[in-house]
Amino acid sequence: MELIINLLINGLATGMLIFLLAAGLTLIFGLMDVLNFAHGGLFAWGAFSGVWFYSLTDSFTLALVGAVLT
(Lines give C-alpha, C1' and ligand atoms only; values in the text may rest on other atoms or scores of the structure.)
Protein backbone atom coordinates (compact mmCIF):
# COMPACT_ATOMS: atom_id res chain seq x y z
CA MET A 1 0.00 0.00 0.00
CA GLU A 2 2.89 2.34 0.76
CA LEU A 3 4.29 1.80 -2.73
CA ILE A 4 0.99 2.76 -4.36
CA ILE A 5 0.75 5.98 -2.31
CA ASN A 6 4.36 6.83 -3.18
CA LEU A 7 3.71 6.24 -6.89
CA LEU A 8 0.55 8.37 -6.80
CA ILE A 9 2.32 11.28 -5.12
CA ASN A 10 5.27 11.09 -7.54
CA GLY A 11 2.93 10.92 -10.52
CA LEU A 12 0.95 13.90 -9.29
CA ALA A 13 4.10 15.96 -8.70
CA THR A 14 5.48 15.09 -12.15
CA GLY A 15 2.16 15.92 -13.77
CA MET A 16 2.03 19.30 -12.05
CA LEU A 17 5.55 20.15 -13.23
CA ILE A 18 4.73 19.19 -16.82
CA PHE A 19 1.54 21.26 -16.59
CA LEU A 20 3.53 24.32 -15.46
CA LEU A 21 5.89 23.97 -18.43
CA ALA A 22 3.03 23.46 -20.87
CA ALA A 23 1.01 26.36 -19.47
CA GLY A 24 3.99 28.71 -19.79
CA LEU A 25 4.66 27.66 -23.39
CA THR A 26 0.96 27.96 -24.27
CA LEU A 27 0.70 31.41 -22.71
CA ILE A 28 3.75 32.79 -24.51
CA PHE A 29 2.82 31.20 -27.85
CA GLY A 30 -0.81 32.29 -27.56
CA LEU A 31 0.01 35.92 -26.81
CA MET A 32 3.11 36.50 -28.92
CA ASP A 33 2.97 33.79 -31.63
CA VAL A 34 6.59 32.96 -30.81
CA LEU A 35 7.83 29.62 -29.53
CA ASN A 36 10.08 30.36 -26.57
CA PHE A 37 11.97 27.33 -25.32
CA ALA A 38 13.60 29.19 -22.43
CA HIS A 39 11.05 27.60 -20.10
CA GLY A 40 12.69 24.22 -20.58
CA GLY A 41 16.14 25.65 -19.98
CA LEU A 42 15.06 27.37 -16.78
CA PHE A 43 13.32 24.21 -15.62
CA ALA A 44 16.44 22.13 -16.26
CA TRP A 45 18.69 24.67 -14.52
CA GLY A 46 16.42 24.73 -11.46
CA ALA A 47 16.28 20.93 -11.33
CA PHE A 48 20.06 20.63 -11.64
CA SER A 49 20.72 23.22 -8.96
CA GLY A 50 18.18 21.55 -6.65
CA VAL A 51 19.90 18.18 -7.00
CA TRP A 52 23.29 19.82 -6.53
CA PHE A 53 22.20 21.62 -3.35
CA TYR A 54 20.66 18.39 -2.05
CA SER A 55 23.88 16.49 -2.65
CA LEU A 56 25.78 19.15 -0.70
CA THR A 57 23.44 19.55 2.27
CA ASP A 58 21.31 16.34 2.41
CA SER A 59 18.37 18.59 3.29
CA PHE A 60 15.35 18.82 1.00
CA THR A 61 14.30 22.16 2.46
CA LEU A 62 17.68 23.79 1.85
CA ALA A 63 17.79 22.30 -1.64
CA LEU A 64 14.36 23.72 -2.42
CA VAL A 65 15.37 27.17 -1.20
CA GLY A 66 18.65 27.00 -3.10
CA ALA A 67 16.93 25.94 -6.33
CA VAL A 68 14.41 28.78 -6.05
CA LEU A 69 17.15 31.34 -5.37
CA THR A 70 19.22 30.03 -8.27
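Author: Let's come in by way of α1, which has 31 residues and reaches 45 Å from its first C-alpha to its last, close to the 45 Å expected at 1.5 Å a residue. Helices here are DSSP runs of H or I with at least four residues, strands are runs of E with at least two, and numbering goes from the N terminus. The expected span is 1.5 Å times one less than the number of residues in the helix.

A word on what you're looking at: this is a predicted model, where local features need pLDDT of at least 70, side-chain atom pairs count only at pLDDT 80 or more, and totals for chains, interfaces and linings use all residues. Residues are numbered from 1 along each chain as its sequence is written, and side-chain values use heavy atoms, with hydrogens and water left out.

Asp33 sits in the loop between α1 and α2. Most residues other than glycine have a negative phi, so that's a detail to stop at. At 62% relative accessibility, Asp33 counts as exposed (over 50% is exposed, under 20% is buried, and partly exposed is in between, using a 1.4 Å probe and protein chains only).

Then we reach α2 itself, the part I'd like you to stay with. α2 has 20 residues and spans 28 Å from its first C-alpha to its last, close to the 28 Å expected at 1.5 Å a residue. Just after α2, Asp58 also takes a positive phi of about 55°, although Asp58 is not a glycine. Asp58 belongs to the loop between α2 and α3 and is exposed, with a relative accessible area of 62%.

Rolling a probe the size of a water molecule over the atoms shows where empty space is left. A pocket here is an open set of points on a 1 Å grid over the protein atoms alone, where a 1.4 Å probe fits and protein lies on both sides within 12 Å along at least five of seven lines; a set the probe cannot get out of is a cavity instead, and lining residues have an atom within 4 Å of a point. Points are joined across faces, edges and corners, and the volume is the space filled by probe spheres set on them.

The largest pocket holds about 350 Å³. Its lining is made by Leu17, Phe43, Gly46, Ala47, Gly50, Val51, Phe60, Ala63, Leu64 and Ala67. By class, the lining has 8 nonpolar residues, 2 polar and no charged (Ala, Val, Leu, Ile, Met, Phe, Trp, Tyr, Cys and Pro count as nonpolar, Asp, Glu, Lys and Arg as charged, and the others, Gly among them, as polar).

The second largest pocket has about 170 Å³ of space, lined by Leu17, Leu20, Leu21, His39, Leu42 and Phe43. Here α1 (2–32) and α2 are the elements that give two or more residues. This lining has 5 nonpolar residues, 1 polar and no charged.

You'll have spotted Leu17 and Phe43 in each list. They are 26 residues apart in sequence, with their C-alpha atoms 9.1 Å apart in space. Leu17 lies in helix α1 and is partly exposed, at 40% relative accessibility.

The structure holds 2 aromatic pairs. In one of them, the rings of Trp45 and Phe48 have centres 6.3 Å apart and planes at 35°, so the pair is tilted. Rings of Phe, Tyr and Trp (its six-membered ring) pair if their centres lie within 6.5 Å; planes under 30 degrees apart are stacked, over 60 edge-to-face, and the rest tilted. Trp45 and Phe48 are 3 residues apart in α2, about one turn of the helix. Trp45 is partly exposed at 49% relative accessibility, while Phe48 counts as exposed at 51%.

Leaving aside neighbours within four places in sequence, Ser49 is in contact with Ala67 and Thr70, contact meaning heavy atoms within 4.5 Å.
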